[in-house]
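Morning, everyone. Please have a look at the structure on the screen, and then we will walk through it together.

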Amino acid sequence: MAGPADNGATVFAAAFERFAEGGIPEVADVPDASLDLVERIRDLVEATVRTDVGPEVRAEAAELVSRAAELLRAATHDQVVRFARTSEGRIDQLTQAGSGLLNPQAPRLVFRETPEMATQAFDDSVEPRSVEVVADCRLTAAHSGPPGRAHGGVVATLLDHVLGLATSAAGVPGFTAGLDVRYRAATPYDVPLEIRARWTHCEGRKSFATGEILADGKVTAEATAVFIAPPEMRSLWSRNPRSAAAEDTVRA
Ligand SMILES: CCCCCCCCCCCC(=O)SCCNC(=O)CCNC(=O)[C@H](O)C(C)(C)COP(=O)(O)OP(=O)(O)OC[C@H]1O[C@@H](n2cnc3c(N)ncnc32)[C@H](O)[C@@H]1OP(=O)(O)O
């Protein structure tokens, strides 16, 4: 298993080998039961935050939740990391905290107008292309910070993730090296939010993006970020084969 010291490169290398061999499953093959479980846990978290029931009912609920955790632990993966290929040809990590389909702690982030994602990164013969990535999200009371508004860290997570995907879409992805968020107004929960981002330029290994969150058409937060891919990741990404066919089904 990869430890923190290896920068995740071992896990990525294994994932790219599997991608090359056609072994990365499709996101579309994730069973409905897996998605349903995630949605129900999100509902559970929301209900837990909002509940006003007494201690006895809480204790009863806690017993049920413990039983559910026990059921899920009956079979576990060696790695939490679960790669899958999206319909746009992008490799996603289904348990990541930004939008992971199999992570109930991730906000419900839905990408729209998603342009075809670059599947070939760091290809010297292809100029990065600036594409606008747009996502919809509705935060809940479980994401609140000060009364009535979203937590600033959650707002930063949304921006980090969507700006990161904009650099992936451009063909120059990386890890977040810096994220500068300007909180212009309260970001509300329980209302539709729109998150927009686009890659702007590269300076050497640094890939820059900007983006913003809008509620009811008004910008509540904006960000600039720099993403950097370590050399070993660049070499992995650069040989990401576009033509790989997925044969596995997701066992999630
Ligand atoms: C597959 C499906 C996934 C699917 C998942 C999808 C995820 C979407 C996006 C989520 C993104 C994340 O959360 S990523 C996770 C959070 N981020 C991280 O864990 C990153 C931790 N940091 C690192 O690993 C490292 O510091 C790196 C890789 C970022 C950079 O290390 P390095 O390669 O050694 O580079 P380093 O020499 O430090 O810096 C290179 C150059 O950049 C400059 N530089 C460094 N930081 C900054 C900065 N904040 N702003 C400006 N410039 C900077 C340096 O001065 C230097 O300039 P010069 O001397 O060259 O001029």
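Leaving aside neighbours within four places in sequence, which residues is S99 in contact with? They are A106, P107, L109, F111 and H161. Contact here means heavy atoms within 4.5 Å.

Two words on ground rules. This is a predicted model, where local features need pLDDT of at least 70, side-chain atom pairs count only at pLDDT 80 or more, and totals for chains, interfaces and linings use all residues. Residues are numbered from 1 along each chain as its sequence is written, and side-chain values use heavy atoms, with hydrogens and water left out.

Back to S99. S99 sits in the loop between β2 and β3 (109–112). Helices (H or I, at least four residues) and strands (E, at least two) are DSSP runs, numbered from the N terminus. Is S99 buried or exposed? S99 counts as buried because its relative accessibility is 10%. The cut-offs: buried is under 20% relative accessible area, exposed is over 50%, and partly exposed is in between, with a 1.4 Å probe and protein chains only. The side chain of S99 also makes a polar contact with the side chain of H161, at 2.9 Å. A polar contact is a pair of N or O atoms within 3.5 Å; within protein, one must be able to donate a hydrogen and the other to accept it, and residues adjacent in sequence count only if both atoms are side-chain atoms. From S99 to L139 is 40 residues in sequence, and 12 Å in space, C-alpha to C-alpha.

Next, the ligand. Which residues come nearest to the ligand? Of the 18 residues around the ligand, the answer is T176, A177, R205, V226 and I228. A residue is near if one of its heavy atoms lies within 4 Å. A polar backbone atom of T176 is 3.1 Å from a nitrogen atom of the ligand. For A177, a polar backbone atom is also 3.1 Å from a ligand nitrogen. The protein buries 51% of the 1,300 Å² that the ligand exposes when taken alone. Those areas come from the Shrake-Rupley method with a 1.4 Å probe; for residues, only the protein chains shown count as cover. With four residues, β5 gives the most to the shell around the ligand. On the side-chain end, a polar atom of D160 lies 3.3 Å from a ligand oxygen.

Now the core. A nonpolar core is a set of buried Ala, Val, Leu, Ile, Met, Phe, Trp, Tyr and Cys residues joined through side-chain atoms within 4.5 Å. The largest one has 27 residues, and L159, L163 and I195 touch the most other members. At least two residues each come from β4 (132–137), α4, β6 (193–203), β7 (206–215) and β8. Helix α4 supplies the largest share, nine residues. There is a second, separate core of ten residues, including F12, V172, W199 and M233.

T86 lies in the loop between β1 (83–85) and β2. T86 counts as buried because its relative accessibility is 9%. Beyond four places in sequence, T86 is in contact with E26, V27 and D92. V65 lies in helix α3, residues 55–72. Why does V65 count as partly exposed? Because its relative accessibility is 38%.
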